[in-house]
Amino acid sequence: MDLILSLLQQLSVYLVIAYLLSKTPIFMPLLTLSGGWSQRLLCYGIFSIFCILGTYLGLQVQGAIANTRAIGAVMGGLIGGPMVGFFVGLTGGLHRYFMGGFTDLACMISTTTEGLFAGLLHAYMIKRGQPEQLFRPKVVFMVMVFAEALQMMIILLVAQPFDQAFVLVSAIALPMTITNALGGALFMSIIEDRKVIYENYSTAFSNKALKIAQRSVGILDQGFNNQSTSIIAQIVYEETGVGAVSITDCNEILAFVGIGADHHLPGTPISSSYTREAIDEAKIIYANGYDITYRCSLDHNCRLGSVLVIPVLDGNEQVIGTIKLYEPKQKLFSTINLSLGEGIAKLISNQVLSGRYQVQQNLLIQAELKLLRAQINPHFLFNTLNTINAVIKRDPDKARALIGHLSQFFRRNLRQQSDTIPLEEELEHINDYLKIELARFGDRLTVNINIDPALLSFKLPPFSLQPLIENAIKHGTSSLLACGNITLSSIIHPDHIKLVVTDNAGNYRGANKATGLGLKIVDKRLKNRFGQQYGLLMSCEPQQWTNAIISMPLPSTIQNNKSK
């Protein structure tokens, strides 16, 4: 009983050291099972120290040392795996061997064996998909009981003389088994508690970051201005619970929410030296109010006592402003909010960059639409006016109808400013175009449109089909002496649809200056809208046919209707 109490006293010192170490960053790799070599080396170093420490804290008993060395070896194996467990046990065993005594060899062998056994258990649990079991104190307790039984057996088999070894084992077996099993369970409990705290911290951090990200999506698309930043500041203020939130550009306050809102007014020029330093040097400034003093530059009676200033960067890593988190006097920043501040600044930076990108994309879309119209309008208008001039004398009613179609065609051109339109509207636009072309070519051109009615509500970029029809006429059927035939059809596959424009000329020879630009724009806009696996594909059988096929994903609504 006296030996148990003495070992428990030594164990208390051992566990206090482990607890203090758990509060440092060096303990973090122990919260997960063996990963890369850097983590394994750290596990080896930490548990080797505990293995050696267990020997130094041991008690002399009948020419041997009753100790807690096995805890380090077993813990190293359970967390680090077979290799780490083996080398931790070997290191602790060699240290014990060089201390001498009639059990030196037996202790070296047993400590190495205990570490290897725990490592093999680690590998077994990983293979079974039960790694969480290794972090359970009761599992460690049972492993330590078995490990101590193994150690006593090795001492009886290896230590000489046997009679002395037997007396020793009789004296230390029960005290060491109880102490080491309890110590191993408590050691793992320290790791488990630290693991739970870390996971709770990570969960809280992730939840706050996710909520801020979800609530702020698209707000900065219209620019980094007073209106958008006011909404962002309110969101950050509500989700973080800090004393106040401010967002500035490089010259003035754009938004402020929280304590001090009565004097930190939007439009006020930046006067804080910390904000200027964060902007000028593009670095994070944390004035905690203690070792780095903080005092409001606008009002000496301000209740704010600390500030975290994080620069907001654009795509070129240039500072465009700051986000500032404040806490009142006598209140420290939480660790979560300190870490979250930098993430919020990156989120705002990405939002600003996304907004600018969206603006550029919209400008590009409008430029592409204008380019397609510019390709259509001049020669089409010239040909149409010639056709109307030829028809007007012999058939005035038909000429008036053509003028109506021409007017409707250009009216639709001007109206189509959005990213997508229904296929039905695109077909109406094509119909106005074809009425004019059919009047121009007469019996030399026939057009058949066979589109599945289920696709009429499907949305696609405007001018996706009209340039293909125009290309089939202008560079295809118009060159034929016989009748030209153009077909527009649809094919519905399980996961995508195809719209096919076919002519019977077979004149396509690859993209050139005359046809290439319009076709490339159509293909590019489809890929940008739906993905790189979709777009325009041209194929041709010379003097027989040319196919222009655009592929797009099949909407779930159409999939469901077809399945019924």
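Visitor: Which residue forms a salt bridge with K283?

Guide: E277 does, with the closest N and O atoms 3.1 Å apart. Keep in mind that this is a predicted model. K283 also meets E281 in a salt bridge, at 3.2 Å from N to O.

Visitor: What links E277, E281 and K283?

Guide: The three are linked in a network of salt bridges.

Visitor: How exposed are E277, E281 and K283?

Guide: Read the relative accessible area. Buried means under 20%, exposed means over 50%, and partly exposed lies in between. K283 has 34%, so K283 is partly exposed. E277, at 26%, is partly exposed. E281 is partly exposed too, with 48%.

Visitor: How far apart are D523 and K527 along their helix?

Guide: They are four residues apart in helix α14, which covers residues 516-530. Therefore about one helical turn separates them.

Visitor: Is D523 buried or exposed?

Guide: Buried, because its relative accessibility is 19% and the cut-off is under 20%. K527 has 21%, so K527 counts as partly exposed.

Visitor: Now the rings. What describes a pair of aromatic rings?

Guide: Two values do: the distance of the centres and the angle of the planes. This structure holds eleven aromatic pairs. One of them is F47 with F187, 5.9 Å centre to centre, with 45° between the planes. That pair is tilted.

Visitor: Which parts does the pair of F47 and F187 tie together?

Guide: F47 lies in helix α2 (residues 37-56), and F187 lies in helix α7 (residues 162-216). So the pair ties together parts that are 140 residues apart in sequence. F47 is buried, with a relative accessible area of 0%. F187 is buried as well, at 0%.

Visitor: What about the pair of Y97 and F98?

Guide: Their ring centres are 5.5 Å apart and their planes stand at 75°. The pair is edge-to-face because planes over 60 degrees apart count that way. Y97 is partly exposed at 33%, and F98 is exposed at 67%.

Visitor: Which residues do ring pairs link into a cluster?

Guide: Y14, F47, F50 and F187. Find F47 and F187 again there.

Visitor: Where is L105 placed?

Guide: L105 is in helix α5. Its relative accessible area is 37%, so L105 is partly exposed.

Visitor: Are C296 and C107 buried or exposed?

Guide: C296 is buried, with 4% relative accessibility. C107 counts as buried, also at 4%.

Methods. Residues are numbered from 1 along each chain as its sequence is written. This is a predicted model: local features need pLDDT of at least 70, side-chain atom pairs count only at pLDDT 80 or more; totals for chains, interfaces and linings use all residues. Side-chain values use heavy atoms; hydrogens and water are left out. Buried means under 20% relative accessible area, exposed over 50%, partly exposed in between (1.4 Å probe, protein chains only). Helices (H or I, at least four residues) and strands (E, at least two) are DSSP runs, numbered from the N terminus. A salt bridge is a side-chain nitrogen of Lys or Arg within 4 Å of a carboxyl oxygen of Asp or Glu. Rings of Phe, Tyr and Trp (its six-membered ring) pair if their centres lie within 6.5 Å; planes under 30 degrees apart count as stacked, over 60 as edge-to-face and the rest as tilted.
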